[in-house]
Amino acid sequence: MSDLQTVSAAVAKLYDTYPFPPEPLLDEPPPGYNWRWNWITAHSFCTGQKPARENIRILDAGCGTGVGTEYLVHLNPQAHVVGIDLSAGALAVARERCQRSGADRVEFHHLSLFDVDQLPGTFEFINCVGVLHHTADPIGGLQKLATKLAPGGLMHIFVYAELGRWEIKLMQEAIALLQGENRGDYRDGVSVGRKIFSALPEDNRLVRREKERWSMENHRDENFADMYVHPQEIDYTINSLFDLIDASGLEFIGFSNPRNWQLESLLQKEPELLDRASKLSDRDRYRLIELLNPEAITHYEFFLSRPPLPVQTWDSDDDLMNAIPQKSPCIEGWPSQCVFNDDYQIIKLNQAEFDFIQACETNSAQKDIKTLIQQYPLQLEQIRQLTHQRLIILSPGQH
């Protein structure tokens with residue numbers, strides 16, 4: 001058996017023992033949303049504009065128990081979704097989850113990332129969250145997925161970061177040492193890990209980090225096992241992350257949690273340092289941020305694309321005036337003048353902004369901005385701000 005097969009078998013055994021994620025099954029669509037699973041908002045984030053079509057194919061690569069898959073179906077009502085995973089136990093839960101909630105535009109296949117070429121055709125949107133770092137060959141896995149991404153398509157990826165998981169790596173090794181020959185018995189590993197945390201002093205660094213960051217989710221054994229007794233994990237730094245990305249042959253679009261990658265919040269007291277940092281390459285700035293704020297960077301989540309992927313900045317007033325706006329589908333708390341945007345940041349709207357977004361929501365006649373602002377007077381910079389806050393999404397109009 002090859003190393004790849006050995007690792008795949010061990011990972012499948014873990015998730016057959018502890019199907020993950022362990023979210024409960026519901027007899028209705030799941031609550032809330034993640035904008036990264038909505039094709040319209042993800043495409044707008046990456047390109048500045050609404051996609052030309054919504055009847056697309058979506059691949060959930062490493063779907064586990066189908067938590068993300070279920071959202072992908074419900075949040076993309078014109079799309080057909082395919083989920084693959086190497087754990088038969090997790091797939092059984094995924095099928096039941098989607099069946100119970102009415103997510104019926106989905107099919108599941110018992111395949112690993114390395115078998116993705118068995119699926120016909122390509123996909124406009126590929127979701128691969130928490131998977132690549134658990135393979136023996138992440139570069140090979142990503143390259144396999146890249147062959148299934150359609151031109152102009154997007155791929156969303158989530159992998160672990162080394163610096164923010166320092167304490168986790170120490171606990172993983174400690175558990176493995178105490179398990180000895182029992183390593184690979186995941187129930188024993190969870191038991192050993194629980195006993196270690198119980199035995200350590202309250203002020204121990206590993207205990208403090210667990211309580212501060214992870215304990216709310218790790219009370220469930222499935223989460224604890226996924227974090228502390230996983231048989232395969234590769235963590236990244238910015239440098240090794242971009243080695244992975246470069247090897248994929250795809251284009252890096254950007255991090256999907258951009259607030260984590262703002263140097264200003266770290267060095268705003270020293271403008272001279274910000275000026276020096278402005279001369280760095282993007283990758284060197286990212287590296288500087290994770291060096292200065294390692295605890296905040298526990299993972300990387302980002303978009304890749306297969307060109308061509310046209311981008312619209314809306315810098316031209318003429319382009320903006322002719323754009324056709326719609327309300328973002330990912331605004332929590334709407335309709336209200338105090339809402340959460342797609343990043344769950346509180347946005348307070350004045351009456352004019354609220355009225356304009358409401359008009360965008362009911363814009364079935366596809367009126368452009370120059371028409372709408374005659375009735376709902378906003379300045380173009382205010383409209384740009386609503387776009388930057390991702391409260392409205394724009395489509396190119398006719399000149």
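**Helices and contacts**

Visitor: Which residues of α4 are buried?
Guide: Buried means under 20% relative accessible area; exposed is over 50%, and partly exposed lies in between (1.4 Å probe, protein chains only). Helices (H or I, at least four residues) and strands (E, at least two) are DSSP runs, numbered from the N terminus. In α4, the buried residues are Ala-90, Leu-91, Ala-94, Arg-97, Cys-98 and Ser-101.

Visitor: Where do they sit around the axis of α4?
Guide: Look down the axis of α4: the buried residues fall within an arc of 120°. The arc is that of the directions from the helix axis to the C-beta atoms. So these residues line one face of the helix.

Visitor: What kind of model is this?
Guide: Residues are numbered from 1 along each chain as its sequence is written, and side-chain values use heavy atoms, with hydrogens and water left out. Local features need pLDDT of at least 70, side-chain atom pairs count only at pLDDT 80 or more, and totals for chains, interfaces and linings use all residues, since the model is predicted.

Visitor: What covers the buried residues of α4?
Guide: Both helices and strands take part. Contact means heavy atoms within 4.5 Å. The cover includes α1 (3-17), α3 (67-75), β2 (80-85) and β3 (106-110).

Visitor: Which residue follows α4, and what is its phi?
Guide: α4 covers residues 88-101. Next comes Gly-102, with a positive phi near 80°.

Visitor: How far apart are the end C-alpha atoms of α6?
Guide: α6 (residues 166-179) has 14 residues. The expected span is 1.5 Å times one less than the number of residues. For α6 that should be 20 Å, and the ends agree, being apart by 20 Å.

Visitor: What covers the buried residues of α6?
Guide: The buried residues of α6 are Glu-167, Ile-168, Met-171, Gln-172, Ile-175, Ala-176 and Gln-179. Their cover includes α7 (186-199), α8 (205-218) and α9 (221-228).

Visitor: Is Trp-214 buried or exposed?
Guide: Trp-214 is in helix α8. Beyond residues up to four places away in sequence, Trp-214 touches Ile-168, Arg-209, Met-227, Tyr-228 and Thr-298. The relative accessible area of Trp-214 is 6%, so Trp-214 is buried.

Visitor: How do α7 and α9 lie to each other?
Guide: Axes are lines fitted to C-alpha atoms, for helices over the stretch in contact, and angles run from 0 to 180 degrees between N-to-C directions. α7 and α9 pack at about 90°, with axes 10 Å apart. Under 35 degrees counts as roughly parallel, over 145 as roughly antiparallel, 65 to 115 as roughly perpendicular and the rest as oblique. α7 and α9 are therefore roughly perpendicular.

Visitor: Why is α10 called oblique to α13?
Guide: α10 (residues 238-248) and α13 (residues 282-292) have axes 9 Å apart. α10 is oblique to α13 because of their packing angle, about 140°.

Visitor: Which residues of α10 and α13 make the contact?
Guide: α10 brings Ile-238, Asn-239, Phe-242 and Asp-246. From α13 come Arg-283, Tyr-286, Arg-287 and Glu-290.
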